[in-house]
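Dear colleague,

Please find below the structure that I am handing over to you. My notes on it follow directly after.

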Amino acid sequence: MIPFKKLFTKKFAVLALLIIVAAGIFLTPFAAQAVSLPSLNPADWLLGGIYSLLKEIPLTILQIGLGFLNWTASGDFIKVSATGTDNPVVTQGWGIARDLANVALIFGLVIIAISIIIGYQETRAKKALVNFILIAILINFTPFIAGIVIDGANLLMRSLLSGGVPADFVNAVRDGMTNGLPAGVEAIPALVIFFIFSIIAAILYFLYGLLFMVRYVMLWILVIVSPVAFATKVFPESKYIKRIFPSITYWDDWWESFIQWTVLGIPAALSIYLSNILMKVIVDNPQSLVSSFTASGEFLSSAIAVVIGSLFAYAIPFVFLFMGFFITMDSGGAVGKKFKDTINKNIIGRASTAITGAAGAATGYVVGRGKALGGYAKGGVVGTVGGLAAQKNVLTKQGREEGRVAWQGWKQRAKETIVSAPVIGRMTPVEFATTQTKAQKEAAEYAKKNKMTLEDYGKFKHRLSTVQREAYEEDYIKNNVTKFLNSSGGGAEYQARMDTVMRHDDKSKEYELIKTKAVLDARYKNTTLAGPTNWETKSGIDLSDKIPKLSSKDLADSVSSEAISDPEFFASLRTNQIKKIMDEGSGEKMDKLNDLIRVSTPASQNLNNHLIGLQNIIRNNPNNLSPEEISLLQKKALAIQGNIAFIANRTNPRPTQRTRVRHP
Amino acid sequence: MEKIISFNTRLFIEDITTKYGLENFLLQNDAGFASHIVGNPTAAERIAAKLMFNKDVKNCLEKNIPLAEILPSEKLVVVVEDLINQKIGYNDLPIAIKEELNIPDEISSQIAQDIANNKKITEDRINEIVKEDFEEETQGSEFSNTPSPEKTGGLSQELQ
């Protein structure tokens, strides 16, 4: 299949323009509505063409869609029954399947007979013999058995679908487009709305129609293979049997599929039925269901607002239909899922691209080309809008990239808000906030397959999509967040990476550790690069609380030598953490620890002053602190003194041998 | 390699120093330092206060002079380290303490007795290495991504 990108060449553009102009000349010309004689102005032809295409195409498609649905939903759609002898496909197919089933049963009978003769699992074999006899009888009546179930479901469906889907909506659209809209350029936005609305409605009609059509065909197939499926009941459950009778030819799968395909039409019919009631209410008196649409203003005439308002009223039954369709698919189990996946992939995905591409051609370059060119412009638009909202310079590539990243962050936060919302949250699975989208999964897979060092990533990241970059960065963060942060080129990049670290938070305990390390880095190691942002506040990480909880190894790995000199940080360390730093830390870290007990060093003086300050507050409480606050300060003072004593004990120079006592 | 005393033993020695008033002279000679030793400070606080606020100690630290030159507690540390490294025996303790600290026989005997009664020192004397007796590593490590070692079964389990 030719990708849309390749199709959208200059030749294609010229051809499309010619079609539009031709439509402007030969179809109901826009110009003709404005003046009595056909205009000679090519601009009028172009506008007339757009006008005609926007009007004629959706109406035609909509009518075809409605017709298709009414055709498949009516009882006359298939003139033959699903199980009767009037259906040549089922009759002949079922005959062949029954013969095959009989052959299988003969094999089964031989196996049972041998088992009984040689006494191998005789009891089981005798039980199987009873089953065998029953099945041998039943396979001759499978159309009858299946017919009862199918007829029951069809009866219910037909009672709900009697009268089909009324053409109220199509009429409303036609009236609105033909009579409701004023002539002129101002009608084009309204036409675009009609266009999109009509196409979506048509797709929905087609989907329902397709569902009913596929249901019939699938039921035929299931009835045809039913003797074989029944015959498999004789055989014991075995993976070999399942290989011989795959998919719906095996009883379990057949039964599940049969029930699902049979009842699948009922919720669909119910959705259509309820939607019809809503449409009827709107036709009778729209005000009884929805209030008037009042969006008129400088750029929207009241006439157009009225037309669009009536159209929007029809959105309610359509949302009903739309949701009903997906509920139907979900209630259809594996069958529905398969159908839904196929539709999502092949119909909705492609149709939405086509719709937005076509709508974009009329409404503007950015939207249309954005969708049509495989999301390239969408990325640009997202980047620009996101960048503007995040107050970035959207004229630069970097600014737009930051905008795209900000957009990802907002999306994630929105998901989290939904999950934590009081009512909607209960209806939403908790995985909603953390479940990866398809694009994210693909990007993660790509990053996994094409590993890159951080250095290479820095060089080649501009070749990757935003989602791929996010996937790579998530990988680096989870592997070694400190390394990821420290390989950034400058302040802006460092802060962007800190933002990335915060954005990928999956609320796990492991990620809390990652965030703690990152905040430690920003607070004590790369203070300048980290900028004015208070990363502790932004991340929700309270370092004084988290540092003591870090394992000694994690702390020794992530702590910088600069951090050691910070009295607050020092006060939050445990002695075994200090021990680890002393045992495994760098020489620089060791020097910093020594500095704390060497009185002439600024670090030591700073720590002394801090301790004196703490003691002063504890003793005099000049600021009238609460007992809890005083207790906290006492703990800090104690921790500092305990840690100092510990360092001194391990680093204090030992006296020379001469001072030691020697006894034989 | 010589063993050095554990941090807890160091605290124990600091408590002995306080109990027998071995370092009272520091308080008498340095009013500034005394102002930091108010109430009933813990052993760790006393050690830290000495290091941070006592001018003689600070002088030693400045010049990198061993603290055992001036501090009785550090002299006791040297004696206990000799003990755990089995350079001296328990019977030698009273004499060693007396010689190091220059104190009466009676006090040195009592200090020796206190040291002999300390189980941790006895363990450190017997063991090859001095085990640090800190709070459990896992106690504070509420969140850690350090993978725990895989549990391996015994030979019989593996054969199964």
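Tyr205(A) is in contact (heavy atoms within 4.5 Å) with Leu62(A), Gly65(A), Leu66(A), Phe68(A), Leu69(A), Val165(A), Phe169(A), Met279(A), Phe318(A) and Leu321(A), leaving aside its neighbours within four places in sequence. This is a predicted model, in which local features need pLDDT of at least 70 and side-chain atom pairs count only at pLDDT 80 or more, while totals for chains, interfaces and linings use all residues. Residues are numbered from 1 along each chain as its sequence is written, chains are lettered from A in the order in which they are written, and side-chain values use heavy atoms, without hydrogens and water.

Tyr205(A) and Phe169(A) have the most contacts inside the largest nonpolar core, which has 85 residues. Such a core is a set of buried (under 20% relative accessible area, 1.4 Å probe, protein chains only) Ala, Val, Leu, Ile, Met, Phe, Trp, Tyr and Cys residues joined through side-chain atoms within 4.5 Å. Helix H9 (residues 187–231) of chain A supplies the largest share of this core, 28 residues; helices are DSSP runs (H or I, at least four residues), numbered from the N terminus. Another core, of 76 residues, lies apart from it and includes Ile514(A), Ile644(A), Ile647(A) and Leu11(B).

As for the interface, 50 residues from chain B and 47 residues from chain A take part in the contact. The area buried between the two chains (accessible area lost on being put together, 1.4 Å probe, summed over both) is about 4,300 Å², with 57% given by carbon and sulfur atoms.

Yours sincerely

Definitions and conventions:
Buried < 20%, exposed > 50% of the residue type's maximum accessible area, 1.4 Å probe, protein only. Helix = DSSP H or I, 4+ residues; strand = E, 2+ residues; numbered from the N terminus.
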